[in-house]
Every structure is written in structure tokens, then in C-alpha cells.
Amino acid sequence: SDYRLNEVDVTDTTCGYCAVGCRFDVYSKDGEVLGTRPNPEKAPINGISTCVKGKFSYGYVDSDDRLTQPLVKEDGEFREASWDEALSRVKEGLDGIQQEYGSDAISLVASSKATNEDNYVMQRFAREVLGTNNIDNCNRLCHAATVEGLSDTFGFGAASTGLTALEDTDCYVLVGSNTTEAHPVFGTRIKQNVRDGADLLVFDPRKTQIAEYADQFTRVEPGYDTTWINGMIRYILAEDLHDEEFIAEHVDGLEKIRESVEEFTPEFVEEKAGIPPEELKSAAETIATADSCMFGWTLGLVEHSHGTDNIYAIANLALITGHMGGPKSGVSPFRGQNNVQGGGGDMGPLPNNFPGYQPVTDEENREKFAEQWGMEMDEMPAEEGYRLTEMFLAADDDDLKGMFIQGENPQISEPNIGHATEVLEDLDFLAVQDIFLTETAEYADVVLPATSTVESNGTYTSSSRHVQLVKRAIEPKGNAKPDWEITQALAARFGYDWGFDSPSDIMDEIADLTPIYGGISHERLETEGGIPWPCQSEDDDGTPYLYADGFHAVEDSEKAQMHVADAIEPGETPDEEFPLVMTSGRVLYQYHTGTMTLREEGLDAYSAESFVEIHPQTAAEYGVADGETVTLTSRHGATAVRAETTDRPSPGEVFVPMHYLEGGANNLTKEEPLDGPSRAPEYKVTDVQVTLEGGS
Ligand code: SF4
């Protein structure tokens, strides 16, 4: 660098890319980010490591495409507007719909990239100002089933293990997790531990990079995870490998589980899930005899029409083997976006819960929030609102007329891009708040410019439940403003005076109303560093791992509650017309819908375009050469994409990344069926046919 160290500003902050929660110092000068460097003293999760995104990928912040002024649409074209005009237009738009169709004809989409404080005020805006629980976020498209399954079984819909499990566990079981690409620093730590002797078992339809480090890699037919996990439980019980003492002391429901897994014989598992009996047995024995074991998963386990059953199944496996509730043993869903745990869940931008997972249907909760916000009880909405996926279906039925979307890009992330496009086009009013004119924002009536992670103050909560400070390293670009300020200014237009001066003020209100954040304040985070929730009071140091004092899924019992996991068939089955099964996922160099990373030249050198991975044998059968463009067609859509021949997928499957509009997986996936309890879509099983461009 041309700069000397004493000429630059150094700001310690938390990474804005993924939910591993790496911390580092950002070096900046004259409003430009020069680079980042981990400061191990302030980085409990990553120490000296970061990945390519956290380390190098800040060019987007200064991109010419950044929104620096509000935009309003006039005669189909955007023009710049003042904040005053833009906020008036949003108020008018939302007001108009409220008056004509009622509050529940509006839905808000909050952002898991934004801070906890941003999300807290967004849910307050929905409930207090608009009077609706129609608010949700991208958690619905990823770990919603994890949250349902884990909270029903254990009490909290979050990772039970903390950081110890990452460095000091005997056995890792990874299911549907492309860890090294999606959560690189977790991947590195697991690989290090495996090098030091820990066992690693990987279950996935696709041979991901982490599978190459596994003691056992087992290919699973997409959509059949409940089947193999139930089969493994059956084997463990039959061979008396279960932890009887742990179960007797801590678990309810063994007998119904024993009965429910009876049909999952090794032969049945092989037929359905494609797993040879020896592989199932050897993995079962490794898990059951390990001193400690962490079960980690990402979206391969949950993005199914029966995602919650998959979570019940893996939670049952953790319980019968006694690997639950310890510092080194337990469950660890790897969360995706930087703040999906906090901003996407804990803060309550959810249709069913206030902050801290306090149900909106409970009168005492409604009273508590109404009192704090100065509302009459009958003004506080009591019915659960639409889940994100349901919003797009409600719009089809004309029940939803307007949306306000903050920092999300559903045109690419919703299952079935074609359907999302129709919905966005047809809305009576759409406001979008973002840092770029995203594919979704193109359909908006008003676009509000927000700040990027390095221009924001507040907190993010990591996958391991650590609440950590985020600090402004550079001033916002142009007239962009932090999300919380925009929401507060909009509330003021409706006549609500919230009076927050800073994110720290907002956190104080969060702490007052949210028991799991009860002891958290910005002052404490500044002096003590990240604090893992629950942190109930000022003298509580937080909870590095959950359930040391028992479970609390039901009020009158400290025992974990096992639920029968039904092995429901995937929503579609390959046939002659659509003979291959497509799975989807992430690549290291991109992040979600690419809003930020597709503007990074350094990253795009590796992965600017989508691709489809096809097994060489299948490629030969279809006459497809490596690098050739093919058309993928599903029952729901079609897209052209470049073929990459590789044995990562099996011959019967193909893999397409999710980040792209052109050639991306969500051109082919479907909006229904949804998982029953969580209403999450089935991204991971889509039948497709492959044809050569121009026909073959
Ligand atoms: Fe950021 Fe995740 Fe990379 Fe860490 S692993 S630097 S949190 S993107």
C-alpha cells in the first residue's frame, strides 16, 4: 500500500458477509476501505483467520452503482428525489392501501444483512405504525425449518454449541453443508481439528470440498435425509448403542421414536436414500461411540417440503446418542447471512413472534409491547401474519397489494423467479430500501438509499449466538442513511415520535423487552467483546453453550421432547421428461443474490456467471461438452447455462448455484409445496431435463 499505517483510520467491526461472525479491523482513508486485518484479541470466533470475502471484498462499497439519493418512479422511469419527497411517497403509498384494503394488505420484508437495531425498529414499524404482523425475512428461505424443529425439541431455535465444539470435538457430522465455501472460517477450523484426529462424516448428494477431508463421505439421494437418519436411529437402538442414562435423565418420547423408525431397515434406507448398509452402520457406530459429537448442517438439510421433519430426525439422533447439551456436543445449524440469527430471528421481524421469540398470539406479550410503545391493546395485531413465501402466494390471490422490502432481493431469491417477477410487477405499491438498484428495486415505486455494513453502527448476532458490535468505518455515500434512521423518519411521517438517538438507544429498548438480550448493551459489548445469548441481566456473562441446566421446549419439563420425523416424499419425482434431479447451493466467491459480490472484480474473475455441474457420464450421454451452453428445463421454468463436467454430483443429479438471475437455480425451482410448520420452500429437489442450446 502507498499509505503509512499512521495515516489511516482503523475501526474494529464485524464482517457483513456471513454468519460465522468474524471480527477484524477495517483500514480506511478518505472514505475508502483499504483492507481488513483480523485482530485476534477482539475476534473470539476467527482469531487470525478470515476468508476471501471478509478480507478483500469491499470494492462494492465505492461502486458507481451505489444508490446515493432516493429515487421515485414517474411515467415508468426513475428520477432522483429529496428524502422529503421520497418519504412522502412511501407514506402515501402505504396509507392508500391501508385505507382501501386494510393493514393486512401490506407486507414488510426485513433484512438479515441489516443490524439488530435496524430490524428491531422495522418490526416495531410493522406492528405499531401499520398495525400488522405481516413481516418476515429471508430466514424463511433458509433455516426456518431448523428454528421450528429445534425449538420444538429443545427450547431454542438456535445452535446449542458454541466455539469449543469447533476446536475440540471428537466427531463432526455435517449434513447438506458445503462448509468450506459457504462458511469458510468454520470450514477451516473443522479441517484443522480433523487433521488433529477428530472424525468427520459428511452426508450430501454432492461431493463438496469438505467431503474430501471426510473419514466417510456418504452420498444421499436428494430429499431422503429423514429416511437415512431414522434408519441410523433404528440401527443404534437395535444394537444397544444408545446412551440409556442420558435418555432416562433428559429425554421424553423414546418409545414412540423406537416404534416410528421400525420400518427404516438398512434395505429400505438403501432403496430410498441410496446409502449402502455398511456405510450407514459404520457411521452410526462412529457417532454412537464418540466421546463428543457436533451435528452441523446448512440448507441441504432444511430446504425441503419436509424440512422440519429432517430437523426432528437429526435432533433425535443427537439425543439418543447423548451428544446434546454439552460444550463439545450438540447441534449447530450454520446460519447464512451475517445477521440472520439476530436481525432475521431474535429481533422479531417475524409474523409469529415479537423480539426474543415471544409469540404475538400471547396476550401478556402483546400487553408488554403495547405498554412500552404507548399503544392501546386493541391496536396491537393479535393474529399471526404471512410468512415470506405466503406473501407471494397471497399476492396471487389479490390479498396482498403493497410491499416494503428492506435489503432483500426476492426477484432472485424467491423460489420461481418467473412467479416473483409477476408478483412484483402487479403490486399496487412497492418501496425498496437497499444499497443498489437491485433486480427487485427495478419494480419499485420508491427506492430509498441505505448504508452498507462499513457505514453502519449497531450489532450483528453470529451463528454461535454472539452479539457483536458493528462500527462505522467510513461515512455513508452521498445521501444514503442507516436503515434505522430511515424507518424512524418514516414512522414520524405517520405521527410516531420514537426519539431514538442512536443504535445504542435502540439496544436499550431491546434489552428491556427481550429476556434473552436482557443484559446486553453497547457499553458492555465495547468493554467485554461479543456476548453469546441468553444474557439475562447486566451481571450475566452470557451462555457459550445451551442447555447445561436442562431443556425447555415445554413449560413443565426440563426434558428434551423427541418428535416423530415422518419421511415424506419430495414434492416431485423424476420421470422420462425430467429425468435428472437438480440441487442448488452457494459458491465461495459469491454471496446470496450477488448484489454486493457481483460488483467485485476480484471475485468475479472466478465466478461471474452461473454454471451447471454435470457428471461426465451424464454429459456424454447427452452429448454435452465441458463449457458448452445448455438449456435446463424444469416443470416450472427454463434457463440457459454453461455446463461444467465434474464428478461432484452423481450421474443422476446436477448442481446449479443460486446467486444468479441468468442461469441461476431459482429460475427452475417452485413456489409450492412448502414445508408444513415452517412454510419454507423445497429448493433442493427439482427435476430437470438438459438440452443443447439450439435443440438436440
Ligand atoms: Fe466474513 Fe464469513 Fe468470511 Fe468470516 S467466514 S470473513 S464472517 S464471510
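I began with the sheet formed by three strands in the order β1-β2-β3, which I found to be open, with antiparallel pairing. I noted that β1 (9–14) and β3 (32–37) each have a single partner strand and stand at the edges, so one side of each is left without a neighbour in the sheet. From one strand to the next, the twist averages 30°. This is a predicted model, and I read every entry here with that in mind.

I then looked at how β2 (residues 23–29) meets β3, and found the two antiparallel and joined by five bridges; within β3, arginine 37 is the residue that stands opposite aspartate 25.

Next I turned to β4 (residues 71–74), which pairs with β5 (residues 77–80) in the antiparallel sense over four bridges, with valine 72 having arginine 79 of β5 as its bridge partner. The two strands form a hairpin with two residues between them, and in the turn I noted a positive phi of about 50° at aspartate 75. β4 also pairs with β18 (residues 446–449), again antiparallel, over two bridges, and there leucine 71 has valine 447 as its bridge partner.

Last, I checked helix α12 (residues 277–289), whose 13 residues reach 18 Å from the first C-alpha to the last, close to the 18 Å expected at 1.5 Å a residue. Which of its residues are buried? I listed Glu279, Leu280, Ala283, Ala284, Ile287 and Ala288, and because they cover an arc of only 150° around the axis, they lie on the same side of α12. What covers them includes β8 (171–175), α8 (225–238) and α11 (266–273).

How values were computed. Residues numbered from 1 in each chain as written. Predicted model: local features only at pLDDT ≥ 70, side-chain atom pairs only at ≥ 80, totals over all residues. Pairing = 2+ DSSP bridges. Axes fitted to C-alpha atoms, helices over the stretch in contact; angles between N-to-C directions. Expected span 1.5 Å × (residues − 1). Buried ≥ 20, exposed ≤ 12 C-beta atoms within 10 Å, placed from the backbone. Arc of directions from axis to C-beta. Contact = placed C-beta atoms within 7 Å.
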